[in-house]
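Q: I have a sequence and a 3D structure to look at, and I would like to learn how to read them. Please take me through them feature by feature.

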Amino acid sequence: MTGGGPAAASQAYGEAWYWDERYRKEAGPFDWYQKYPALAPLLRLYLAPHQRLLLVGCGNSVFDMKMDVKNMSDFESGSFDAVIDKGTLDSLMCGQNSQENATKMLEEVNRILKENGVYMLITYGDPSYRLRLLKDMEKWTVKLHVIERWEKSSNQNKWELTKPLPLEDHSTSLAALLGPKPDVHYIYVCVKGNGGASVDSKAGEAAN
């Protein structure tokens with residue numbers, strides 16, 4: 001890719017050609033944001049081994065499809081128990097027509113999920129940006145977890161991964177809890193339909 005500097009590179013994150021070119025140049029697998037061992041406690045909390053899971057935008061990650069996430073018509077409605085997203089929505093938000101494309105993707109994710117299915121979004125997008133986008137769907141219950149961006153020993157971790165943060169109608173209390181520029185990744189757990197109550201119970205049990 002030529003010219004344009006960091007801003008142009010960020011804009012290109014939303015374009016398929018950028019990732020095709022990048023993964024042709026980079027050898028070996030690469031995991032965006034977090035690797036499996038760090039996420040495992042949360043995955044075990046919300047998912048089960050027998051469930052059918054889709055990882056959107058897996059790139060060359062060992063976390064393991066080539067399809068447009070805005071049109072996953074090859075998949076029947078209600079065909080997955082869970083969808084995991086490590087940076088795909090973020091990439092769309094960097095591209096052209098970001099709001100429209102992000103909404104199309106979320107509608108498709110919701111369509112292919114079973115009732116009570118889970119969409120787990122691992123992202124750098126803080127609640128002031130991502131929470132409204134997710135809640136505007138009005139089709140799922142949203143929980144928020146946070147994880148340190150950089151691996152630390154267990155006694156240094158400020159946040160308990162399996163304990164969801166309180167989400168209020170106003171973001172001021174959440175901002176006060178997180179503090180200025182928290183060095184974390186945000187994990188939004190969206191449960192389709194009326195499954196939020198059972199998930200609340202599981203998360204509460206894990207936190208105790």
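The dialogue below goes from the overall make-up to single residues.

Q: What should I know about the model before starting?

A: This is a predicted model: local features need pLDDT of at least 70, side-chain atom pairs count only at pLDDT 80 or more, and totals for chains, interfaces and linings use all residues. Residues are numbered from 1 along each chain as its sequence is written, and side-chain values use heavy atoms, with hydrogens and water left out.

Q: How many helices and strands does the chain have?

A: Helices (H or I, at least four residues) and strands (E, at least two) are DSSP runs, numbered from the N terminus. Here there are eight helices and five strands. Read from the N terminus, their order is α-α-α-β-β-α-α-β-α-β-α-β-α.

Q: How do I read the sheet, and what is the order of its strands?

A: Two strands pair if DSSP finds at least two bridges between them. In this chain, five strands form an open sheet in the order 1-2-3-5-4, with mixed pairing. Strand 1 (53-56) and strand 4 (140-148) are the edge strands, each pairing on one side only. From one strand to the next, the twist averages 15 degrees.

Q: Which strands run parallel and which antiparallel?

A: Strand 1 and strand 2 are parallel, with four bridges; L54 stands opposite V83 in strand 2. Strand 2 and strand 3 also run parallel, joined by six bridges, and D85 has L121 in strand 3 as its bridge partner. Strand 4 and strand 5 (residues 184-192) run antiparallel and are joined by nine bridges. T141 has its bridge partner, V191, in strand 5.

Q: Which helices pack on the sheet?

A: Contact means heavy atoms within 4.5 Å. Axes are lines fitted to C-alpha atoms, for helices over the stretch in contact, and angles run from 0 to 180 degrees between N-to-C directions. Helix 3 (residues 36-46) lies across strand 2 (80-86), strand 3 (113-123), strand 4 and strand 5, and runs at about 160 degrees to strand 4. Helix 6 (residues 127-135) touches strand 3, strand 4 and strand 5, and its direction makes about 10 degrees with that of strand 5.

Q: How much of the chain is buried?

A: Buried means under 20% relative accessible area, exposed over 50%, and partly exposed in between (1.4 Å probe, protein chains only). Of the 208 residues in the chain, 43% are buried. In strand 2, seven of its seven residues are buried.

Q: What is a nonpolar core, and which residues have the most contacts inside the largest one?

A: In soluble globular proteins, nonpolar side chains tend to be buried together. A nonpolar core is a set of buried Ala, Val, Leu, Ile, Met, Phe, Trp, Tyr and Cys residues joined through side-chain atoms within 4.5 Å. The largest one has 33 residues, and Y119, L134, W140 and Y188 have the most contacts inside it. Helix 5 (residues 98-112) gives the largest share of this core, five residues. A second, separate core has 17 residues, including L43, L55, A82 and L161.

Q: How do I read helix 5 itself?

A: The expected span of a helix is 1.5 Å times one less than its number of residues. Helix 5 has 15 residues and reaches 21 Å from its first C-alpha to its last, close to the 21 Å expected. Its buried residues include A102, M105, L106 and V109. E100 also lies in helix 5, and counts as partly exposed because its relative accessibility is 43%.

Q: How many aromatic pairs are there?

A: A pair of aromatic rings is described by the distance of the centres and the angle of the planes. Rings of Phe, Tyr and Trp (its six-membered ring) pair if their centres lie within 6.5 Å; planes under 30 degrees apart count as stacked, over 60 as edge-to-face and the rest as tilted. The count here is three aromatic pairs. Y119 and W140 are stacked, at 5.6 Å centre to centre and 25 degrees between the planes. Y119 lies in strand 3 and W140 in strand 4, so this pair ties together parts that are 21 residues apart in sequence. Y119 is buried, with a relative accessible area of 0%, and W140 is buried at 9%.
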